[in-house]
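Reader: I would like to learn how to read a sheet and a helix pair in a model of this kind. Could you take me through one case of each?

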Amino acid sequence: MAAVQDGPMELDAEKETKPEILSDGTSNLSGNTASGTLSSSPLTAAPAGGAPKMEDQQTLIAVLQFLKRNKLSESVEILRREAGLGEHQEDSQATDGSGGGKGDGDGGDANSLLSRVFITSAAAPQSMLVKKDQPDVSVVLSAYSQQGDPPLYQVYYSGLKNFIESVLDCHRAELSQLFYPLFVHMYLELVYNNHETKAKAFFDKFSGDQECYYQDDLRILCGLTKKEHLKGNEVLLDFRTSRFVLRISRDSYQLLKRHLQERHNNQIWNIIQEHLYIDIFDGMPRSKSQIDSMSGSLAGEARREVNKAKVFYGLLKEPEIEVPLDDEDDEAENEEGKPKKKKTKKDSLGSKSKKQDPNAPQQNRIPLPELKDSDKLDKIMYMKESTKRIRLGPENLPSICFYTFLNAFQGLTAVDFTDDSSLLAGGFADSTVRVWSVTPKKLRKVKSTAELNVIDKESDDVLERIMDEKTASESKILHGHSGPVYGVSFSPDRNYLLSSSEDGTVRLWSLQTFTCLVGYKGHNYPVWDTQFSPFGYYFVSGGHDRVARLWATDHYQPLRIFAGHLADVTCTQFHPNSNYVATGSTDRTVRLWDVLNGNCVRILTGHKGPIHSLAFSPNGKFLASGSTDGRVLLWDIGHGLMIGELKGHTDTIYALKFSRDGEILASGSMDNTVRLWDSMKAFDEVETDDFTATTGHIHLPDNSQELLLGMYHSKSTPVTHLHFTRRNLLLAAGAYNSQ
Amino acid sequence: MEERRFAEVPRESIKLMAESSGVELSEEVAALLAEDVCYRLREATQNSSQFMRHAKRRKLSVEDLNRALRWSNTETICGYGAQDALPFRPLKEGELFFVEDREINLVELALATNIPKGCAETMVRVHVSYLDGKGNLEPQGTVPTAVQSLSEDLLKYYQQITRAILGEDPHLMKVALLDLQSNSKIAALLPYFVYVISGVKSVSHDLDQLNRLLHMVKSLVQNPYLYLGSYVRSLVSSVMYCILEPLAASINPLNDHWTLRDYAALLLSHIFWTHGDLVSGLYHQILLSLQKVLSDPVRPLCSHYGAVVGLHALGWKAVERVLYPHLPAYWANLQAVLDDYSVSNAQVKADGHKVYGAILVAVERLLKMKALSLTLAAEGSGAGLPGTTTGAVGFRENSPGLSPPSEPLSEPPLGIASHLQAGGAGCPWEEWTPVSLPAMYCELYSFFGDSLAVRFSTGPPLGGATPPGPCQPLEGRKEPASSAPNLENTRKMPQLTASMNISPRQDGSPRMEPQPPSLAATVPGRSLARSSSSSSVSRSRSSSSHPGRSTSQSRDIFPKARFPLPQAGPPAFSFIIGGRQMGRRCQGRRFQTSFTPTPPLTTHPPRAYAHKLPVIGRVSKPVRRWTCSHYSLHLPL
């Protein structure tokens, strides 16, 4: 699955060629002694036959190229004649080399050195030049490629290891962070330069030292023993090209720097310089547990400055809607009806909308669709329902209704409920989407155009009349995708349904006609998730191509592309104010993106496995994320900090949902349980003092057991989706698994 | 370094694969390829796990891998999407392993009438699991899932049927069973019926109910519209329960649980032969559990009896593989039981005789079939040979009511044979080597002595899959009065009420059976098959299914046997094993000491000596209620 977009891929390739070409010759030079034992393969065996000669030739070619580049055609001629090289030989190499020739800004050291060498000797007779400078050039080249001594890698690494193990405890934990990225880079370096056996030995010796949460990566890594393998593996390419971020206190960093300088350990220093980003902070070094809670992602921790951007996490002002006096309701509620109604109006409208949240974005920060009449009606319904809402808490847990999919034959892949809990949609591995009516009201299609023409459009019940009673059924099947459906999402107005599929498309379905309206193409690779904005119109999708895209239903092209994740985007979620989008990824980070400008405003690290579920708290301040490691992490969006860790699930968490008032967090998992957590307590106990906020050093209380309010088993039914009804009844859904 | 971090494809395999597609690879290329193949495989697996995770499954499917392959622009691998695991088998010769991939006749499949119907539709059911976060209101999914989607009509049907079958009215039951056997619209009810049938465990005290449930199994199995799928496993376990368990009903010696076991064994073989392919490894599992029971001395004799008849019903190969090797060990135990003449042991001893008889019948057929297969192999498998066809068509116990597909004579279906060879992990038949016929005979003769010889040489000829006559007069149980003549015989020959004696000294020795295939032999077999297939479903059918002609045949059996062979009909003998041994001295077994067997000559036409055998016993009254098969050994108790 070479799911790399064309653009970045080429860029990568270009970057890659630079060291590759230059080191080609030298890899044989330095690896010469090893090549005798290495050459089990005919590929390397062929040149190994005339190894010394080859080296010379390669060096010559390198020199020739350099001369050519500097338009010293005369010297080229002479050199070629002297060496007895054919034109074509050089050309064939030169074509490769041209890529490396241009634009090597950072490689400037080597080149300037090279040129210096050359210029100084330019005056000398050219035949002499070649003979004299040949060794110099190769030395320079090998120094550049920074893999001069593959056998020494082990020595370097164990040297560092010994050093780190000998330093004071407080520094050891911090410096230990270096192990993993160094290990990976050194291993890749070895593989990249065709030192297969060395790489294997290196891996075997040191892989055991790495943190257990890197196991998955190590497993991929250990299978990779050839340069060719690297090319197809975009995850590792990313690792090479992106910088692994470490946070280290200044003291520890000084310690490390001194050590490396004393030992003249350039190898490690180079890697640190080139591939790692060390985020130095002043103050106390962090403890092991502090580090562990934040590390684990593919690219290390987030840099502090990326999480500094202001996030408007407040809620938008509710639109003012007149609540009409509803006679029916009055009758139902007898005398009490009227006073209650007024109270309702005050409560729901007044408290929320009148007071502007200081943290809220401007109302029109992103353009939102205007409310239609039907939306207003729905809002009114919502308010009425919310007056009957049950106040949840540790003493008052929600009832749970389980929607069991029977005979799904292991094919249920995604579920969604409408906000009013009237419809249920399921995405299936057989490419279908099925919609069920959860209420007694059956699903009906709109009549055909011919039939619609004869309807009396003026009649009061025209909305009723357009429906075709003959098509009424409890469920409808939507055919259109050509691969498993991995994500479904209802529009807030219940008129549309989105589905994303392995076939690379997102489809928009009408729930009036039960037909497909649009197929949004752009991902080209499986689309793992899609989600409607809470205000409709916008939606976000994320997939295997490692980007999330923001779409509007009336645009066939994405409005924003959120690129930055190093691996698949597995789940997406809109912020309640619709100004932000959160994405979870296989690279074990959660990112928050600004819909307005497409910027990444938060990178949240700490998960140790791919993230499969996200949920915003209803007040927009917090985010919960669940991953394959069975942990739920809680995040404070404003500060970009982890504020809680909920341990207990034993398998991937596929569903997370806050109750309507945010008091309870429900999590549903593959382990066939639903767990309820006291989110109020979790949020309250966090003391986000200024120090923590600025340094980002968190102390997580290990209080999962106290926060766990309840654990509820289903009978061999993994929980795929959770939903709180407007009255705070918890609905869970999943497919019964008979095996 | 040498530690393997993951599975690797050895270069030998690569070379073999290349060879199979006609490419010669050098060592180095193979090594390189092997490494790359490993890497690509790992990569594909890692990628496919992503699809699994997003499909919210725990089990990686073939489809996941195919998706990963497709996205990496590799051709997908078709044909491995079946639910059941494909057995991966070693070939004995050479270190070859292969996936057993049986050919499927598409034409047959396309024209098949029993297309599975009523694949239950995906649906959503809701129930309140936890009220106010407390207590589980109703346990989720206690009923098989499909049942929850029953329509009113089906539900009614289900209630009526179960009521009728388990009720008192035999006529109603018959009708219900018939309908169950032919109704094409009950697929959705299948899990429910299976559930009901699994209730055998709760009615082990009630033979009648057990019988009814077994009949229900039979009807379901025979229904051509039902796709049993993995429910076969459940059905088999219910049937196995009836065969093997020391049922509560068998505490009372007056209960004829033996018949139930016989019937269940028959049913088992029927299920296996018709539906064995639905569940991979079923045969193996059955054999293993039978073997386990047989080798467990703590089990009561009735369990052992069940194991023996079960093996017998599964075919002679099963007997050869499991029972025969086990016999020496088992014999000692059995002997001890049979030799104990104390009064307290009487009941146990009677049971022992049942087992003895069952074993005798089983090994007898084993010998016959083995001989026959040898003959056929020798004769070559000319398709036109009547013997081949007869063997294929007729060589099965023709069970009343059930008309199971024939057991192929020469070689059981590939699946079974190869399965046995492959065995399971640490399975005893791993090192199994076939015993030659003479050796086997010798060994068996040392156990059974003449009773073996007699039965063996005079048994029904090739074509007669069943002893054509009513072999088991069921005198004792149903109509004790009618067994008066039998009683006399019993007195004379306590063990073998109806039997023939050979005079070995004149004749040489007992012979191997292989009968030259004759047309005459095929006729009764066919007619029998026809008659049995036309018989009705219910229990009454099983009691009445023997055509009149066989009765008459059995009458003139003995005269014919005594005299020069009449060509008119095949000699059809039937025997009763054991008579009323209970409380009497049993001497039958003692016969065995009188002569030493010489290795038999397989080529000798058996009938040449068969007719010389003097008859010692005689057949008592032909059976009325219970027909018999080779192994139905109804002892009057």
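Author: What follows treats a sheet in chain A and then a helix pair in chain B, both in a predicted model.

Reader: In what order do the strands β22, β23, β24 and β25 of chain A lie, and is their pairing parallel or antiparallel?

Author: In general, strands of a sheet pair through backbone hydrogen bonds, in either a parallel or an antiparallel way. Here the four strands form an open sheet in the order β22-β23-β24-β25 of chain A, and the pairing is antiparallel. The edges are β22 (611–616) and β25 (641–646) of chain A, each of which pairs on one side only, and neighbouring strands are turned against each other by 25° on average, direction ignored.

Reader: Over how many bridges do β24(A) and β25(A) pair?

Author: These two strands are joined over five bridges in the antiparallel sense, with Val632(A) standing opposite Leu646(A) of β25(A). Four residues lie between the strands of this hairpin, where Gly640(A) takes a positive phi near 65°. As for β25(A), six of its six residues are buried.

Reader: Turning to chain B, at what angle do helices α8 and α9 pack, and which residues make the contact?

Author: Helix α8 (residues 207–222) and helix α9 (residues 231–244) of chain B pack at an angle of about 145°, their axes being 11 Å apart, and their crossing is left-handed. The contact is made by Leu210(B), Leu214(B), Val217(B) and Val221(B) from α8(B), together with Leu235(B), Val239(B) and Cys242(B) from α9(B); the residues of this contact divide into seven nonpolar, no polar and no charged.

Conventions
Residues numbered from 1 in each chain as written. Chains lettered and ligands numbered in written order. Predicted model: local features only at pLDDT ≥ 70, side-chain atom pairs only at ≥ 80, totals over all residues. Heavy atoms only, no water. Pairing = 2+ DSSP bridges. Axes fitted to C-alpha atoms, helices over the stretch in contact; angles between N-to-C directions. Left-handed = near helix turned anticlockwise from the far one by under 90°. Contact = heavy atoms within 4.5 Å. Nonpolar A, V, L, I, M, F, W, Y, C, P; charged D, E, K, R; others polar. Buried < 20%, exposed > 50% of the residue type's maximum accessible area, 1.4 Å probe, protein only.
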